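Please open the model in your viewer and keep the selection panel at hand. The stops below go from side chains to ligands.

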Amino acid sequence: EEPPAEAAVPQAGQDGLVLLRRVGRVDPASLDDYRAEGGYTALRRAFAIGPAAVIREVIDAGLVGRGGAAFPTGRKWDATARQPDHPHYLVCNADESEPGTFKDRVIMEGDPYALVEAMTIAGYATGCRKGYLYIRGEYPRALARLSHAIATARARGLLGDDIMGQGFSFDIEIRRGAGAYICGEETAIFNSIEGRRGEPRSKPPFPVEKGLFGKPTVVNNVETLVNVLPILEHGAQAYAAIGTGSSTGTKLFCVSGTVRRPGVYELPFGATLRELLTLAGGTFEGRTLRAVLLGGAAGAFVRPDELDIPLTFEGTRAAGATLGSGVVLVLDDTVDLAGILVRIAEFFRDESCGQCVPCRVGTVRQEEALIRLSRRPASPSADLTLLREVGRAMRDASICGLGQTAWNAVESAIDRLGVFAETEAP
Ligand code: NAD
Ligand code: SF4
């Protein structure tokens, strides 16, 4: 059996945490514990100020999406709320499946009522009466805890009709994924909920206009949603004072790989990669750092001389990397980098839904070329050229993010780390 959520949080129970403050401190099954630790004060404030003011708070707080793409949450909520077509739907994307990402799991297992409350606030602000929680099939404990939390909240008048006697009705239905990475793509989630093949749709139209069942839909990641609680509890100004001007609040980082204390760390935006790695205990005795993969399989490798990169959306972008969903995969000098690239390519080839040619064919060609290169051929340049051509085609012509980013990490390993350079023709 998997270890519980708190085991994945080396800081569990420490002071100063915002999103993880209850993890390891409360019984995740107890609504009374949740309320005793500040639960449902945010929803009460939302009812007091009304839906438009809630959206204003989220905009003023500068909250952006934590699933990976960093789109402004308040803008998404506002666009959905304004749609004349009804009903509106809320979808919480809990299909956390980016390799190396396990932060949403910690929230769902350790503080499930926080997500229930945050979804209720999002539904209230955007005019939804129904929310779907689309949860990764490989998270049985999170599923069990959320099912219990939803049933308890419903029994106590915190979901269903006339919540807290405020005349607002909202309920949450859980849908479980079945192991397909592509079903974490927001429009593939719609297809999956509607009972179709889990294939992405072309965007635009964006979900805020035409989403689930063709209706205006707001889709938010788990971590994004729970950020709304401190925004409403302490106000947008206090929230925006944390972090930097363009990356406000705190972020959950998923540290894994050859590092002493792997786990989920919560830090204010603006801490450096070096500070995060120090918190995680650094590399093992006698080992040296070779690279860090930031942002996951769709992200970029950074070198040991780049550890002063500030962990902000703008800072990582300026450094040619990305924060993505908060993946920090540490690789020391024992790691076979070429093997890692082949594994990443295999993952994308396996998970491509096959709907569009650049990705369906490109991910196969990419994996084949990397397998050949990993065998250290005498003349690698033809395969390196092929990789660049295929990578460009996938990036420019794929329908969804999977194909568009399937070459990112490989490209950065070649260009920034010099993988295969020693075999490259002069
Ligand atoms: P995207 O940039 O297309 O969209 C981001 C969000 O903003 C979406 O909800 C989209 O609907 C919305 N949006 C964008 N433009 C809009 C507009 N003009 N009007 C209204 N809404 C608009 O990105 P994406 O393809 O949804 O997501 C890609 C990201 O997902 C990558 O950063 C990747 O790292 C991440 N990802 C995360 C996981 C995970 O497990 N957390 C898994 C796979 C991928
Ligand atoms: Fe499917 Fe890949 Fe095309 Fe996305 S880019 S729709 S995963 S084939």
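Is R303 buried or partly exposed? Select R303 and you find that this residue is partly exposed, at 29% relative accessibility, where buried means under 20% relative accessible area, exposed over 50% and partly exposed in between (1.4 Å probe, protein chains only). This is a predicted model, in which local features need pLDDT of at least 70 and side-chain atom pairs count only at pLDDT 80 or more, while totals for chains, interfaces and linings use all residues. Residues are numbered from 1 along each chain as its sequence is written, chains are lettered from A and ligands numbered from 1 in the order in which they are written, and side-chain values use heavy atoms, with hydrogens and water left out.

Next select D78 and R82, another salt bridge, with its closest N and O atoms 2.9 Å apart; D78 is partly exposed at 24%, whereas R82 is exposed at 63%.

Now move to ligand 1, which is surrounded by 15 residues, each having a heavy atom within 4 Å of the ligand. Show E186, where a polar side-chain atom lies 2.5 Å from an oxygen atom of ligand 1, and then G68, where a polar backbone atom is 3.0 Å from an oxygen atom of ligand 1.

Finish at ligand 2, where C353, Q355, C356, C359 and C400 come nearest among the 13 residues around it.

Technical notes. Polar contact = N/O pair within 3.5 Å; in protein donor to acceptor, adjacent residues only side chain to side chain. Salt bridge = Lys/Arg side-chain N within 4 Å of Asp/Glu carboxyl O.
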